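Okay, thanks for coming, everyone. I'd like to walk through one model today, so let me put it on the screen.

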Amino acid sequence: MPEPDQSTLARRKDIIAAMRNIVPNDGGVIVDEDRLRPYECDGLMAYRQLPMIVVLPENTGQVAAILKYCHTHKIRVVPRGAGTGLSGGALPMADAITISMMKFNRVLDIDWDNRAVVVQPGVTNLGITRAVEHKGFYYAPDPSSQIACSIGGNIAENSGGVHSLKYGLTTNNVLGVEMVTIEGEILRIGGKGLDQSGYDLLGVITGSEGLLGIVTEVTVRILRKPETARALLLGFNSSEEGGNCVARIIADGIIPGGLEMMDAPAIKATEDFVHAGYPLDVEALLLVELDGPKVEVDYLIERVGAIASECGAVYSRISESEDERLLFWSGRKNAFPAIGRISPDYICMDGTIPRRRLVEVLTGMQVLSQRHGLRVANVFHAGDGNLHPLIMFDANQPGELERAEAFGADILKLCVEVGGVLSGEHGIGVEKRDLMPEMFTEDDMKHQERLKLAFDEDELLNPGKVFPTLHGCGELKTLHAREVANKFPDIPRF
């Protein structure tokens, strides 16, 4: 992380006074060490740092005033949602103001005609569905942490969930945002309309990890709840057979609402925790959900069952009620805490690979597990190739954290090697930051940095995240001009 700026730390009392003037509400500015402690990390608890101070604004005007002050006085800022992120994206800095958006927790408007909901960024993912389900609607992206994670954080990381295969990630379900820049300017991008003119700035902001601005309002798309939804549990004697079944289902033109896979260690840990009725004598378990009109669902269940049988399925169970379907999913959505019951610590990875390389990567992970001497359990979105290996370790044992980090890095390198990417939905943060050169060339990253600097030329927003090394505006501009001149010497210059 960047070294703390000593001149900023020397002005801490003045900064606190300024923040209390901007946010005068009781508890709006946190400065005591004990009360700062809950903000020292996000869901990646291996990395911790007390923030300089924490501010909890209550409206867009306060956010704009805070950022304008920070821009004027060159103070770093770390935006924070619910703190459930798993890549260290909200890791505080010793010389930065952490801005918590969790007081922005209201549903502002439900537009049934346009099938859109306007919410503040601190509203939980599940809270959106709860606000509209009485009329048969829901919000499609559903991360496993949906009961706690905030929609603002979902936008920062472009979160997905178990139904992202059919219904898309956050970027496919967000229609517009209100965002405050580091200069304190309030922007509105997108809206309830089907499409917007000009550049796709909404696509740039979604997944930008707090490096471009702070979102203060969100407009999302809501969908009609399917007429019917049923789930199948399919067990196999090997991960290879399970992986082949996934490929066959997609190749057959079937796009399930959800298509998840778990290996034997994850199955056992989850069943002991949730008692969802998972079989314990299989090496791989697929959870396939099919939704739509009843006649279509019944037909697709038969087709998927036949494909599974051809792929060697030794276990098959179909949900016969809504309660049973939810029970099947409760196991999958509680897999992470289930692993927490059998290991003192774990790191959840987030690489994404082409589906056809699934078996190869799962086999490679077992080789890496033996090499690093650590256990790994696999729970992942098999349909879109988004892997979530859970590396188990004990931080109290000297060297195990470092071995877990090295193991995780090797898994992500393997994902990139087979044509995948470093992150599917958790983001880069600090966790994968130093692996960016594995996926991008130096020129690639410099172009990304130019975009960052167009929004934040002083590098005040969430520094130390995503990019291994940040360059200044002048350096990048000079380099860019020289490269263009060398590449295209025949272009007239004025």
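Before the tour, one term: when I say a residue is buried, I mean it has under 20% relative accessible area, with a 1.4 Å probe and protein chains only. And please keep in mind that this is a predicted model.

With that cut-off, let's look at helix H17, residues 442-455. Which residues of H17 are buried? They are Met-445, Lys-446, Glu-449, Arg-450, Lys-452, Leu-453 and Phe-455. In an α-helix, residues three or four places apart point the same way, because there are 3.6 residues a turn. As for its length, H17 has 14 residues and goes 21 Å from the first C-alpha to the last, close to the 20 Å expected.

Now, the sheet. Seven strands make an open sheet here, and the order is S15-S12-S14-S13-S17-S18-S16, with antiparallel pairing. At the edges you find S15, residues 315-318, and S16, residues 345-348, each of them pairing on one side only. On average, neighbouring strands in this sheet are turned by 15° against each other, if you ignore direction.

Let's zoom in on one pair. S13, at 258-263, and S14, at 284-292, run antiparallel to each other over six bridges. Gly-258, for instance, sits opposite Glu-289 in S14.

What about helices on this sheet? Helix H9, residues 239-251, lies across S12, S13 and S14, and runs at about 170° to S13. Then there's helix H12, residues 322-333, which packs on the sheet and touches S12, S13, S14, S15 and S17. The direction of H12 makes about 50° with that of S12.

Last stop: Asn-125, which is in helix H5, residues 125-132. Is Asn-125 buried or exposed? Its relative accessible area is 0%, so Asn-125 counts as buried. And what is Asn-125 in contact with, leaving aside neighbours within four places in sequence? The list is Tyr-139, Pro-141, Asp-142, Pro-143, Gln-146, Cys-149, Ile-151 and Asn-154. Take Gln-146 from that list: Asn-125 and Gln-146 are 21 residues apart in sequence, yet their C-alphas are 5.0 Å apart.

Technical notes
Residues are numbered from 1 along each chain as its sequence is written. This is a predicted model: local features need pLDDT of at least 70, side-chain atom pairs count only at pLDDT 80 or more; totals for chains, interfaces and linings use all residues. Side-chain values use heavy atoms; hydrogens and water are left out. Two strands pair if DSSP finds at least two bridges between them. Helices (H or I, at least four residues) and strands (E, at least two) are DSSP runs, numbered from the N terminus. Axes are lines fitted to C-alpha atoms, for helices over the stretch in contact, and angles run from 0 to 180 degrees between N-to-C directions. Contact means heavy atoms within 4.5 Å. The expected span of a helix is 1.5 Å times one less than its number of residues. Buried means under 20% relative accessible area, exposed over 50%, partly exposed in between (1.4 Å probe, protein chains only).
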